[in-house]
Amino acid sequence: MPRGEDVLVDEHLRELAARLQGPTRLKTDLLTEARHGLLDAVEAYRESGVPPTEAQRRAVVEFGSPAQLLPSWQAELAVGALRGLSLRMLAVAGVGMAAGDLTWRGASWSDGPRPPAGYVLLSHSVDWIWIGTLLVAVAGLLVVAASARSPRPGLAVAQRAVGAGLTGLLALGMVTGCALFTWSLNLWDEALRWPPMIIGAVLVGGAYFSLTRATRGWLRAVAR
């Protein structure tokens, strides 16, 4: 059972927590499991007659220093961050591909003159970015699954490549999406009063915010 006087254990875990970056839930699980293991070791030493402070010191030394533990723990957190990023990207890309045309369907300007060729090209580019994001996100989940089964150096490289690809696609998607939205407003005055357009813009903005947070979390996890 945890004791209030387990100062060395608490200090050791605080140092680990301060140096780890990654998904909050996974990080909490790792630290909780580590605390249970340390306290069990401390209790075993105490029962064998070792003084409390010395029992803590031995348990901490036996458990491993931050320098020994951080590489493997941080690698696990980076995989978790990539899993979360890939899942979010997959969900947003899937919804974007399925619902993108609904924003325009039935609009009063849809039967008007055909928009400029550059606008059409930009619109198609957004679609292709969604498709690319979907495919890379699936690749990310496959890499994460393979890493869970058999961690290998090559998979670590693949993780970084997929994460970098998703990061680049997110940036590209945000730029092209904002450009398409702005151009749409310039072409059709009614666009800003068209409810599906307004709802779509709000939802896409929220999705990009969520993806940006997930991407930031992955970048911080792999930077450690």
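These legends walk through a few close-up views of one predicted model. Residues are numbered from 1 along each chain as its sequence is written, and side-chain values use heavy atoms, with hydrogens and water left out. Because the model is predicted, local features need pLDDT of at least 70 and side-chain atom pairs count only at pLDDT 80 or more, while totals for chains, interfaces and linings use all residues.

**View 1. Helix α2 and what covers it.** Helix α2 (24-47) has 24 residues and runs 34 Å from its first C-alpha to its last, close to the 34 Å expected at 1.5 Å a residue (1.5 Å times one less than the number of residues). Helices here are DSSP runs of H or I with at least four residues, numbered from the N terminus. Among the buried residues of α2 are Leu30, Leu31, Ala34, Leu38 and Tyr45, along with Lys27 and Arg46; buried means under 20% relative accessible area with a 1.4 Å probe, protein chains only. Their cover includes α1 (7-19), α3 (52-63) and α4. Just past the helix, Gly49 takes a positive phi of about 100°.

View 2. Zoom in on Leu82: beyond its neighbours within four places in sequence, Leu82 is in contact (heavy atoms within 4.5 Å) with Val144, Gln159, Val162, Gly163, Leu166 and Trp218.

**View 3. The largest cavity.** A cavity is a set of points on a 1 Å grid over the protein atoms alone where a 1.4 Å probe fits but cannot get out, and lining residues have an atom within 4 Å of a point. The whole structure holds one cavity of 30 Å³ or more, with about 80 Å³ of space inside; volume here is the space filled by probe spheres set on the points. Met89, Trp130, Leu166 and Leu211 are among the lining residues, and α5 (117-149), α6 (153-187) and α7 each supply two or more. The lining splits into nine nonpolar, two polar and no charged residues.

Notes. 1 Å grid on protein atoms, 1.4 Å probe; cavity = no way out; pocket = protein on both sides within 12 Å on 5 of 7 lines; lining within 4 Å. Nonpolar A, V, L, I, M, F, W, Y, C, P; charged D, E, K, R; others polar. Buried < 20%, exposed > 50% of the residue type's maximum accessible area, 1.4 Å probe, protein only.
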